[in-house]
4 protein chains.
Amino acid sequence: MVGGGPGAFIGAVHRKAAALDGEMDIVAGAFSSNADKSRQQGAELMLDPGRVYSSYQEMAEREAALPDGDRIDFVSIVTPNHVHFPVAKAFIEAGFHVVCDKPMTTTLEDAEALCRLVSAHDVVFALTHNYTGYPMVKQARAMVNSGKIGTVRKVIVEYPQGWLATPIEREGHKQADWRTDPKRAGAGALGDIGSHAENLARYITGLELEALCADVTTFVEGRSIDDDVNMLVHYEGGARGVLHASQISIGEENNINIRVHGTEGSLQWFQEHPNWLHFRTLDGPEHVYKRGNDYLTEVAKHNSRLPFGHPEAFLEAFANIYVNAGRTIAAKLAGEEPGAFDTDFPTVQDGAYGVHFIFTALESGRQRGWVDARYSAPV
Amino acid sequence: MVGGGPGAFIGAVHRKAAALDGEMDIVAGAFSSNADKSRQQGAELMLDPGRVYSSYQEMAEREAALPDGDRIDFVSIVTPNHVHFPVAKAFIEAGFHVVCDKPMTTTLEDAEALCRLVSAHDVVFALTHNYTGYPMVKQARAMVNSGKIGTVRKVIVEYPQGWLATPIEREGHKQADWRTDPKRAGAGALGDIGSHAENLARYITGLELEALCADVTTFVEGRSIDDDVNMLVHYEGGARGVLHASQISIGEENNINIRVHGTEGSLQWFQEHPNWLHFRTLDGPEHVYKRGNDYLTEVAKHNSRLPFGHPEAFLEAFANIYVNAGRTIAAKLAGEEPGAFDTDFPTVQDGAYGVHFIFTALESGRQRGWVDARYSAPV
Amino acid sequence: MVGGGPGAFIGAVHRKAAALDGEMDIVAGAFSSNADKSRQQGAELMLDPGRVYSSYQEMAEREAALPDGDRIDFVSIVTPNHVHFPVAKAFIEAGFHVVCDKPMTTTLEDAEALCRLVSAHDVVFALTHNYTGYPMVKQARAMVNSGKIGTVRKVIVEYPQGWLATPIEREGHKQADWRTDPKRAGAGALGDIGSHAENLARYITGLELEALCADVTTFVEGRSIDDDVNMLVHYEGGARGVLHASQISIGEENNINIRVHGTEGSLQWFQEHPNWLHFRTLDGPEHVYKRGNDYLTEVAKHNSRLPFGHPEAFLEAFANIYVNAGRTIAAKLAGEEPGAFDTDFPTVQDGAYGVHFIFTALESGRQRGWVDARYSAPV
Amino acid sequence: MVGGGPGAFIGAVHRKAAALDGEMDIVAGAFSSNADKSRQQGAELMLDPGRVYSSYQEMAEREAALPDGDRIDFVSIVTPNHVHFPVAKAFIEAGFHVVCDKPMTTTLEDAEALCRLVSAHDVVFALTHNYTGYPMVKQARAMVNSGKIGTVRKVIVEYPQGWLATPIEREGHKQADWRTDPKRAGAGALGDIGSHAENLARYITGLELEALCADVTTFVEGRSIDDDVNMLVHYEGGARGVLHASQISIGEENNINIRVHGTEGSLQWFQEHPNWLHFRTLDGPEHVYKRGNDYLTEVAKHNSRLPFGHPEAFLEAFANIYVNAGRTIAAKLAGEEPGAFDTDFPTVQDGAYGVHFIFTALESGRQRGWVDARYSAPV
């Protein structure tokens, strides 16, 4: 692991998610650019001190030098956004597979460079757009794919939060600090959560952006990054969309949710009640699909651990990204084909798509108008 | 009543709403432009056949000729949209007060003419934007007014329906028929329900539109009017908004709802569960305010009929428009001042504002961009 | 109307419910045993003062003496419970049809006498167990009847309220005053709301009580009537039940709700969100049936006024009792057969059944054990 | 670990829960009474084959013989119920601490023997009544303790499931097989889930049972164990209760939930939406407390891992039992005092209480009446 030192939120989440199924262990890390903090974190995790490094460069180099079977199988990158790229680059060039937090990079140039690096070095790269790890999100995707709701006409995807409604970045809040710093975060609400919303919509519907018109706002005085964004979307093929994300919507916690309306039915899913998926048609009662049941599609069952009524939540969804990526990496290491469901995780191309989306939306906001949003990442 | 003949949905709603509190009776009507149908409806309502008319012109003229105390006190207009104006004009010029369905007119010119007529003849004019009649909507407005959520930053107002997802207007569906006819309806989803959404947001927040950017779509092939609209909104003073309305969102029934986020708190209300209002702050648990309780504001209690837990719904909200307008009319007829809560109903200026909003949004859709949305109706 | 004077809650509800559909008018009343109050109420309702009476005896006598076509068609009894019987008796003996509030009487003797009077005088008698008037309750009943959930195994019916959690009857609360007075109310929570719960369960399932074991409690010090009751139930045929009702359950408003589990499915309905009915089976997603849709059974559609998504609530359900009873009375007056759905209202036998249930439960509580609960009312 | 071989549901849950925080590792096991299956499971878990045993006796003996620091710190018992006792006895006598699934034993005699063994050998014993591990359950307990709802009057605790509505035990369903076998399970719904309900109510309220009256039913033909139970409860001090549990309630998944009504407020919690706790008072709006917020009590925050809006669920609650017990064991092994929150897990006395409850309820069912339910487990 690179990043995830003392007090970091997302590093601990990655570790718990990775540990959940007992299929992978953390054995080495450069947890902080501060060597003491890195050592402290390594000690807390009971790691071999010899494999706790003071920098990612040192880690990439020394792990690569270890004999086969001893070195790490992949690196997990959980630093602030602007460090994703150099770390990923270093490890990919050293031959390692990568699991990386999102948004992938803070420039499109870096994102595309990463796409090319992944191809060139033939490594597995997984981006933790964790919300697509939820079984009922996979159920939704499968239902759209199989035509259950007909042709998609309208997508409403929201990601409201309220935790940045006041300038807590000026009160020593570590999370708020880097996430509102344009240098380290790249973009604000758009990058941190808007990109999740876009990814969720695309994952479920398969729709590609054609054009968008964004209204990007900074509400909190003195903040130099967006904290609220509302967007109209045209998808290729004629579907319409509304996407809004906010970090100043007091009372909202982490309410990412989506509604997809097709010509024959609709789907609705709320992350804060993630075990249920609502399916509605023109002429029948609403159906509430519940995780863990036999009537679900195979992919939803495959990505589920507990029986119905024993709720799963955020960590299990996050763990699904890790488990699927991990199995794909293991298959690669073993020279085998991964299982049918194992490659179901966001890729480096998804990451580039997301970065392009972020900059397109920022540009639309600056221009106050519709902009072309079509994009195809280098493979 | 003018309009509301056999099979009309909204006419029957108006009659039930008006009857609910026993404060007004229907005594005369021109229920259809077809004299037989008008007579049939009059007979069903057990009206004096002498006061069932074959046309609104005849009704306005003959009722005006009745002696004081015998003639109607006001007219209720429940025709298709394009007939609102001539009917209202005829009755206002004959000296009658008016309750009129929305959207008020199909042109802005008519809407403004109506504003001037109302002033010139000094009559009471109430527009049935019925969703503002809900007690918990009034509670929300009172809470915004009293500063409970601080300064409003963001408004999300939605009005999704699904009933026009297929071309039922071509299958003999009477409601769908006129509502999808540009001549009779003026606009589609925008006029029929988008105008309710705009009105609800303005009623609760008091915010005036500054600019908007709309994406107006017709999804159903062969339909010549919009059936879906998504919109970004700038309010005067800096608040941002998202407004979307749809009649092709399968699975949605009549789900008008609103979220208002301020600098200190937020409010959320859903019409389909209208007895509850959600209030949230930065640092405390969510509060669920429930209709009928002592802890509510006076205006919410005043507009409520039943104890807590005995749910009220659509008809009571609609009735509140009638009762308040009716008491204001009664006060006017008696030469008295109406009560403090009696004038709480949408006015002819609100109607003009709504018509302006509809045409501004259509224009924005045509231009594919932001347009100025500021408007002040003639008083 | 007898009862329903100034400040009475349920009288006003009855009047609004009766008025809703414009099929009946209130034309006479003895609204209070205090002649002044009766006159005051009559004036407020704009009744002919000659038909506002100082006592129910006077009203029964003088209305009966009016010529055909002039006299009332039926009487609505909304007095405290202990007065139901003498009023009903007087009007039945005078040949009038009756709509009566529940619980029907305060003794089983009176209840059975009323059954015999109704038969002897061949009048229509409707008891306002209003919760069975909800369309989705009727939908539930129809689904049980048609075998959708197989054979019923378990019924859980609850009626929690919290408004009597403190001794407000000693603080001048008129409703609380008579409802906690054993002389006027007969029983407390059991009579006031427990009887609704029993009736709702029997209406939906058709199951008859075989035995019950009740725990009857008075929590508020100084109160001389039960304010909480919990009950185990055996139904004839082997189904089991749990019924609990409470007036001291702080936070609960009027949360009557029911779950019915059969061998093949289950149903769930909550009065506070009355437009939805939940249907679940062994091996499929939950189905949420929503009022106003074409896919519902005929009886649910017949008892519904508004389109889907335009919520109906308490008053409409109450009105359904009135409308159905009213149409049955009208048919009787006209010497015709009532329509297929018109006789769907609670009868005098249902009333006697409820009174027997109340006394059986009280007896079980006193004995601290199971008691026989089988009962068949005289026809 | 003892038990938890291939295909066992609860064994896998215990392992994931134990792994979640990286504070404990599984290093040895006797996973099945079938040596092959035990080996197979050990291999799957990548354990040292030398520490995968063919019987619990062998495991207890050989682990005890390992040098200090090498042997296991505690054993986790996840066998069918009737094996809990002999396994626990063997390990306690060998000096090991124990985490044991519930219900603790299949006889009260065994339960009390276990209490005495735990005392005699001075070991830590934790019972996995996992539902008390939820942060919002701990919040509820803290609020009751601090007087937020006054004196408790009424408790309604439910645990409905539907998965045994048909005789799946006769169709090769492994879970259903042993859980419906009186020899291996001891009791049916009562033991499996009724005991959770009792424990949850006692954990939150601190109330002790005084008497109960149970209706115990077997609905599915051919089943020789209860699959449904409804119960009236008297608590010491005057509170009343309703407890019902069922495995034949089709449509219910794992819906354990509780409502506690006091003299000043009430609390409500649903396991299927576990991040929210509802608090209501006599005269204010409902409060919805949400996991992860600063306004919660210390114990709720201490037992929480993720920020608000990032839902936690079943596994985290289960993990809390493990973490707290684990830290208490670690402190004991280190000769230190455990932390203030570490001893917050169900004990062997709670287990005996639960077993006594089960047999008391069965006895009440047989007698068809109220029975004394007071009990104090040997310390």
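# Contacts, copies and packing in a predicted four-chain model

Author: In this predicted model, 29 residues of chain B are in contact with 29 residues of chain A. The count is of predicted positions: local features require pLDDT of at least 70 and side-chain atom pairs pLDDT 80 or more, whereas totals for chains, interfaces and linings use all residues. Residues are numbered from 1 along each chain as its sequence is written, and chains are lettered from A and ligands numbered from 1 in the order of writing.

Reader: What makes two residues count as being in contact?

Author: Their C-beta atoms, placed from the backbone, must lie within 7 Å. By that criterion, 29 residues of chain B qualify against chain A. Strands E5 (152-160), E6 (209-217), E7 (228-235), E8 (240-246), E10 (265-270) and E11 (276-281) of chain B each give two or more residues to this side. The largest share, four residues, comes from E8(B). Strands (E, at least two residues) and helices (H or I, at least four) are DSSP runs, numbered from the N terminus.

Reader: How do the residues on the side of chain B that touches chain A divide by class?

Author: They comprise nine nonpolar, twelve polar and eight charged residues. Ala, Val, Leu, Ile, Met, Phe, Trp, Tyr, Cys and Pro count as nonpolar, Asp, Glu, Lys and Arg as charged, and the others, Gly among them, as polar.

Reader: Why are chains C and A described as related by a two-fold rotation axis?

Author: Chain C can be laid on chain A by a turn of 180° and a shift of 0.0 Å along the axis, with an RMSD of 0.0 Å. The two copies are thus related as by a two-fold rotation axis. The C-alpha of C:His287 is the one in chain C nearest the axis, at 2.4 Å. The superposition is by least squares on the C-alpha atoms of residues with pLDDT of at least 70 in both copies.

Reader: How many residues form the contact between chains C and A?

Author: Ten residues come from chain C and ten from chain A. On the side of chain C, four are nonpolar, two polar and four charged. Here too, 100% of the interface residues of chain C are interface residues in chain A, so the copies meet through the same surface.

Reader: What makes E1 and E4 of chain A edge strands?

Author: The open sheet of chain A has four strands in the order E1-E2-E3-E4, with parallel pairing. Its edge strands, E1 (2-3) and E4 (125-127), each pair on one side only. Two bridges join E1(A) to strand E2 (residues 74-78) of chain A, and A:Gly3 has A:Val78 as its bridge partner in E2(A). Helix H1 (residues 9-19) of chain A packs on the sheet, touching E1 and E2, and its direction makes about 145° with that of E2(A).

Reader: Why are H5(B) and H12(B) called roughly antiparallel?

Author: Angles under 35 degrees count as roughly parallel, over 145 as roughly antiparallel, 65 to 115 as roughly perpendicular and the rest as oblique. Helices H5 (residues 108-121) and H12 (residues 348-367) of chain B pack at about 170°, with axes 9 Å apart. They are therefore roughly antiparallel to each other. Their contact has nine nonpolar, three polar and one charged residues. Axes are lines fitted to C-alpha atoms, for helices over the stretch in contact, and angles run from 0 to 180 degrees between N-to-C directions.

Reader: Why are H4(D) and H5(D) assigned to the roughly parallel class?

Author: The axes of H4 (residues 81-93) and H5 (residues 108-121) of chain D come within 10 Å and cross at roughly 15°. The two helices are therefore roughly parallel. Their contact involves D:Phe85, D:Ala88, D:Lys89, D:Ile92 and D:Glu93 of H4(D) and D:Asp110, D:Leu114, D:Leu117, D:Val118 and D:His121 of H5(D).

Terms used
Two strands pair if DSSP finds at least two bridges between them.
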